[in-house]
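Let's walk through a protein model together, one question at a time. Keep the structure open beside you and check each answer as you go.

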Amino acid sequence: MLSKTMQDALNKQVQMEAESSQAYLAMASWADIQPGLQGVAAFFYKQADEERMHMLKLMGFINERGGFAMVPPLEQPILTFRSLQSAFAEFLKHEIKVSNSINDIVHLSLSEKDYATHNFLQWYVTEQMEEERTARTLNEKLELIGEDKSGLYLFDRDIMAYRGGE
Ligand code: OFO
């Protein structure tokens with residue numbers, strides 16, 4: 001059975017995953033209307049789907065352990081970006097925020113001796129490592145490319161190959 005504190009922390013994470021999904025959906029839609037960024041749009045549409053899956057996985061766990069998973073209210077995400085670089089900088093910033101939040105819940109699960117939750121959260125720890133790595137790699141590539149048009153063409157063409165874990 002989940003403690004009230006643990007349930008609240010997991011529900012907060014449900015909200016964060018839902019907000020991640022919204023944030024990436026907004027990035028996808030923004031990329032979709034830029035010339036030549038359809039690969040980037042597809043990447044973020046997929047990321048948005050994955051974040052929703054992360055949210056559902058958490059909700060399933062909360063309910064399974066005798067808690068109540070609450071569908072959260074959502075803030076409107078950032079809708080437009082100055083450049084491709086700034087969209088990807090935002091992506092990395094967001095993933096770091098999520099990783100810190102997961103770390104906090106892992107810490108809480110240990111301090112509460114809730115080993116079932118601790119075990120469940122390991123999947124998220126691994127997932128965050130992969131997503132942060134993907135986001136960092138893509139940011140580094142964009143830094144190298146700068147304003148080079150053929151570099152950006154290849155970046156957009158190849159981006160699906162850099163997707164992190166499911
Ligand atoms: Fe939910 O995987 Fe990153 O944020």
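Q: Is glutamine 34 buried, exposed or partly exposed?
A: A quick note before we start: this is a predicted model, where local features need pLDDT of at least 70, side-chain atom pairs count only at pLDDT 80 or more, and totals for chains, interfaces and linings use all residues. Residues are numbered from 1 along each chain as its sequence is written. A residue is buried if 20 or more other C-beta atoms lie within 10 Å of its own, exposed if 12 or fewer, and partly exposed in between, with C-beta atoms placed from the backbone. Glutamine 34 has 15 other C-beta atoms within 10 Å, so its label is partly exposed.

Q: Where is glutamine 34 found?
A: Helices are DSSP runs of H or I with at least four residues, strands are runs of E with at least two, and both are numbered from the N terminus. Helix 1 covers 4–32 and helix 2 covers 38–64. Glutamine 34 sits in the loop between helix 1 and helix 2.

Q: What pattern does the chain follow along the sequence?
A: The chain has 5 helices and 0 strands. Read from one end of the sequence to the other, that gives α-α-α-α-α.

Q: What radius of gyration does the chain have?
A: The rule for a globule is 2.2 Å times the number of residues to the power 0.38, and the radius of gyration is taken over C-alpha atoms. Along its principal axes, the C-alpha trace spans about 55 × 25 × 20 Å. For 166 residues, a compact globule would come out near 15 Å, and the chain agrees with that at 17 Å.

Q: How are helix 1 and helix 2 oriented to each other, roughly parallel or roughly antiparallel?
A: Axes are lines fitted to C-alpha atoms, for helices over the stretch in contact, and angles run from 0 to 180 degrees between N-to-C directions. Under 35 degrees counts as roughly parallel, over 145 as roughly antiparallel, 65 to 115 as roughly perpendicular, and the rest as oblique. The axes of helix 1 and helix 2 come within 7 Å and cross at roughly 165°. That makes the pair roughly antiparallel.

Q: How many nonpolar residues does the contact of helix 1 with helix 2 have?
A: Ala, Val, Leu, Ile, Met, Phe, Trp, Tyr, Cys and Pro count as nonpolar, Asp, Glu, Lys and Arg as charged, and the others, Gly among them, as polar. Sorted that way, the contact of helix 1 with helix 2 has 4 charged residues, 7 polar ones, and a nonpolar count of 17.

Q: In which hand does helix 3 pass helix 4?
A: Helix 3 (residues 84–111) and helix 4 (residues 115–145) pack at about 160°, with axes 9 Å apart, so they are roughly antiparallel. A crossing is left-handed if the near helix is turned anticlockwise from the far one by less than a right angle, and right-handed if clockwise. For helix 3 passing helix 4, the crossing is left-handed.

Q: Which residues in helix 5 meet Lys141, Leu142 and Ile145?
A: The axes of helix 4 and helix 5 (residues 149–158) come within 9 Å and cross at roughly 160°. This pair is therefore roughly antiparallel. Two residues are in contact if their C-beta atoms, placed from the backbone, lie within 7 Å. Across from the three named residues of helix 4 are Gly151, Leu152 and Phe155.

Q: Which residues is isoleucine 78 in contact with, leaving aside its neighbours within four places in sequence?
A: You'll find isoleucine 78 in the loop between helix 2 and helix 3. With 15 other C-beta atoms within 10 Å, isoleucine 78 is partly exposed. Its contacts beyond those neighbours are Ala23, Ala26 and Glu90.

Q: Which residues is arginine 65 in contact with, leaving aside its neighbours within four places in sequence?
A: Arginine 65 lies in the loop between helix 2 and helix 3. It counts as partly exposed, with 17 C-beta neighbours inside 10 Å. Its contacts are Met1, Leu2 and Ala116.
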